[in-house]
Amino acid sequence: YDGDIYNKAQLAAEVNMESGLEKVFIKTNGPSLSIKMVASGASEMHGFVAEIVTLPISSIGFNRDVQHNISYSDLSNNWFGAIHYVSAGEVNPRVTVEWNQIKDNCAKLYGNFTSCLGAVTMDLQNTQNLHFRNNLVKGNQGGLWIRADSRGSATSLKGWIHNNLFTENNNMPALSMEGRQSSPYQEVTIYRNYWARNFAQYQNVIRLNQVVSNFTYNYLHNNLGSHILEVSGFERVRLPIYQSTSHNGFYWNYATQRESRGTVIAGTAGQHYVDNIFFNPDNDYEIVTVNRSLVDVWKTPIDAKHNYWGFNETLAVSGRIKDRFDESHLLEVDYSSFYMNNRSILSGKCPPGWDLVGDTCYIYIGAPMTFFEAREFCRSDKTSMPYVMNNYKDVLLFLRKQQEKFHFYDRVWVQHIDKINQCTVFTYQNIEIDNCQRLNPFLCEMDPKVHIDPLSWRDDVVTVAVLGSVLLCILLIAVVIFLWLTKNRHRHVERLQRRNSIRQSLHSVRSIGSSHGGFATIGAYRHKNGTSQHSSSPTMNKGNDYKKMSGSIDSMDKSQLNSSLEEDTQSYDIYEAHNPTAVEAVNPGFDLAYRNQGFRDNSTFTSRDNSTWQSQEDYLNNSSTLPCNTSLAFTDSTMDPIKGDPDFQHEKEYSVYYERPKSSALLETNLDEPLPPPPPRAKSEVLLETNLDYSLPPKHDLSTFQPALSKSQPLETAM
């Protein structure tokens, strides 16, 4: 066509296999030559081969619109690649490759050997501009392969690679950009591209070798290769500018290089890595350095400040970098001032490459796809195609920011809730229905990735105060519980000691009464001034039952004669509180005199008969004798001599004259008369320590009788 194919153009010639015009020189009258090509079933060795010359040859600086443009094409299933572009000459036109689908090109031969270096191979010489944008590179044996060369800075390459989708490419690099050693002036800017699920086990996924590169705002997710990104500089060349890598997101990529499995390999000194997120936990390192320039090893370290490495500790970050501190011949990496979190790198709450639109994260993928292909791709990366409802203005501003030249008539695949079963596009603040097979760019949506700082509460005074109060209350409660448990244990020990002391006192009282033969029937006689209590006694009933029993004493119920230690301790306090009279029976209120017979004087200077020093009544009331207010009680042997005296409780009057006193008055022991024999003990008293054969004298009143407490039944029987 003579002219622009998108406007009105005249047909200059039509070439096919039968026209015979394969070698005809075609001349146009206008500045544009357009070719519409339809090829199918062509030879695998030869595709479309053409040599295009612009006459007259354009001079440098005239800014004539001279370009080679390959656009809106579907290039797939080609054995030797989709595009092989070679330029030669002093000054060559700029090259533009845009809005193409490049799929399933080249063939795998054996191992990592393929039939081509990449689906698109370009060997550029003295080409000033290269634009590779809005292309889909999918399922090829290698992606884009470029080699650039120039004889001077005036014809050096300036390339732009942006808004492309590289996915599912195998064995060879998805992008390889290489400058020749003789021309260190080639520059390339790579931005807003999407790399996902590329597989190159023995190659690096992205190679930027001997070019001045600016790699920014790219998203690399779930790729596998020897390294994910290789940035190498120049040997024995010092440039005024360096390669830079900034605002990129590296997520869940896997490196296979055995010696140093790193996400990024830095080959020369002076490189810059700024505001990147490195989150590749399966790799040993995030950055690995290689010594390619011996001159700059000690002068210019690699600047890797202000990046987020997935950790907020210096030791952990240093472990993610392999540099001169690991091996002395490697380059040094300066990673100081790293980010403690990813808040400053995110776009709102979205990772690099994504932008916050409304309350969700959007990414614009400029590669042309059908509606169903685009929706399936979003789902494969765990995202979704967004439902655009009312935020049309925000979406339009976002698209103009993502695409350099976004016109009002451009269309982008989205979804609408009211047109769920139809293919819808967004075009200039409106949702329209379009043909599902049309190739359009599309949007993907994901939930915001909110980073929660676990120490953010330190900046909130109220939160700190509340947490401090809660912790203080918990500490006080713990202290109170501890003190209460300690005091309770101490009280329990004191209670046991007190009960043991009471039991020992009771047992000592019984043992004393048993040894003197007068305490078996303790409580049977009460003082006349004491309080009388008329109550029935279970002990009397048991005593009568014992008299009626026949046979051996061993056949008696031991549970009625002996009480356990636990019953003594549990019932004593209750019994003492509710039975004050029983306590009075055990502890009588009157005094008893204990006659000391343990000492005997064999001297004969005193006699009982001729002594009038002190009467027997005075002896009973003498305060110098041993009182037993709460330990002893009257027995038959002690009550009989007192009651037999006619002057009992009446003090006698004695004549005052001096006479040798009796031994009983001086020594409190009657040595002049032999001791009376002790009363005989009953058989039951000997065995049970209780006189069950004893019967009360008829002259005593049973109403004043209090039962004796035996050793076998200290408290329960009295109750």
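Close-up 1. At 0% relative accessibility, Cys361 is buried (under 20% relative accessible area; exposed is over 50%, partly exposed in between; 1.4 Å probe, protein chains only). This is a predicted model, where local features need pLDDT of at least 70, side-chain atom pairs count only at pLDDT 80 or more, and totals for chains, interfaces and linings use all residues. Residues are numbered from 1 along each chain as its sequence is written, and side-chain values use heavy atoms, without hydrogens and water. Cys361 and Cys350 form a disulfide, with sulfur atoms 1.8 Å apart (cut-off: a pair of cysteine sulfur atoms within 2.5 Å). The torsion about their S-S bond is about -90 degrees, so the link is left-handed. Cys350 is also buried, at 0%.

**Close-up 2. The Cys378–Cys444 disulfide.** The sulfurs of Cys378 and Cys444 are 1.9 Å apart. Cys378 lies in helix 2 (residues 371-380) and Cys444 in strand 38 (residues 440-446), so the pair ties together parts 66 residues apart in sequence (DSSP runs, numbered from the N terminus: helices H or I, at least four residues; strands E, at least two). Cys378 is buried at 0%; Cys444 is buried at 2%.

**Close-up 3. The Cys423–Cys436 disulfide.** The sulfur atoms of Cys423 and Cys436 are 1.8 Å apart. With 100 degrees about the S-S bond, this link is right-handed. Cys423 is buried at 4%, whereas Cys436 is partly exposed at 21%.

**Close-up 4. Ile302 in strand 30.** Strand 30 (residues 302-303) holds Ile302. Ile302 is buried, at 0% relative accessible area. The C-alpha atoms of Ile302 and Tyr335 are separated by 8.6 Å.
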